[in-house]
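Open the model in your viewer and keep the selection panel at hand. Each stop below says what to pick and what is there.

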Amino acid sequence: MKRYITAFLLVCVALNAADCRRDDTKNIVICNDKRFGKLMWQDNEQRDKVVWNTAMLTCDALRLGGYSDWRLPSVDEFKSIAGNSAFKYTNSGLYWSSTRFDSVRAFVIDPNTGGSDYLYGVKTLSYSVRCVR
């Protein structure tokens with residue numbers, strides 16, 4: 001019985017996972033997701049960690065792959081790509097989302113762990129940034 005439950009859960013995760021491919025020439029990953037449709041993700045090397053307001057401004061100012069309409073993703077958009085192997089550059093630790101928890105905290109996600117939990121960080125702490133369009 002335990003094997004069937006495990007197999008069922010793996011199938012559910014696979015059905016809900018975004019189908020992603022990397023464009024090495026533009027340093028982006030393009031994902032098709034049932035819930036969010038087609039999203040394009042930043043995937044260039046970034047080591048800087050920033051506070052939440054700076055993360056929002058960073059995405060707004062990003063010019064990558066010939067596009068300028070980047071934004072910080074929602075926590076649910078980020079969860080749709082968590083653990084996806086199409087990404088070449090992923091920092092260890094947490095990434096900011098645009099989703100506010102309250103006036104002083106916003107949701108963060110660890111893309112390396114599959115993003116199964118909803119976590120939040122104080123907006124004055126520094127975390128990584130991955131932008132989406």
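Start by selecting Arg22, Asp24, Asp43 and Arg130: a network of salt bridges links them. A salt bridge here puts a side-chain nitrogen of Lys or Arg within 4 Å of a carboxyl oxygen of Asp or Glu. This is a predicted model, in which local features need pLDDT of at least 70 and side-chain atom pairs 80 or more, while totals for chains, interfaces and linings use all residues. Residues are numbered from 1 along each chain as its sequence is written, and side-chain values use heavy atoms, without hydrogens or water.

Zoom to Arg22 and Asp43. Their closest N and O atoms are 2.6 Å apart. Arg22 sits in strand β1 (residues 19–23), Asp43 in the loop between β3 (37–42) and α2, 21 residues apart. Strands (E, at least two residues) and helices (H or I, at least four) are DSSP runs, numbered from the N terminus.

Buried or exposed: which is Asp43? Asp43 counts as buried, at 0% relative accessibility. Buried means under 20% relative accessible area, exposed over 50%, partly exposed in between (1.4 Å probe, protein chains only). Arg130, at 4%, is buried.

Next, select Arg133 and Asp69. They form a salt bridge, with the closest N and O atoms 2.6 Å apart. Arg133 is partly exposed at 26% relative accessibility, and Asp69 is partly exposed at 46%.
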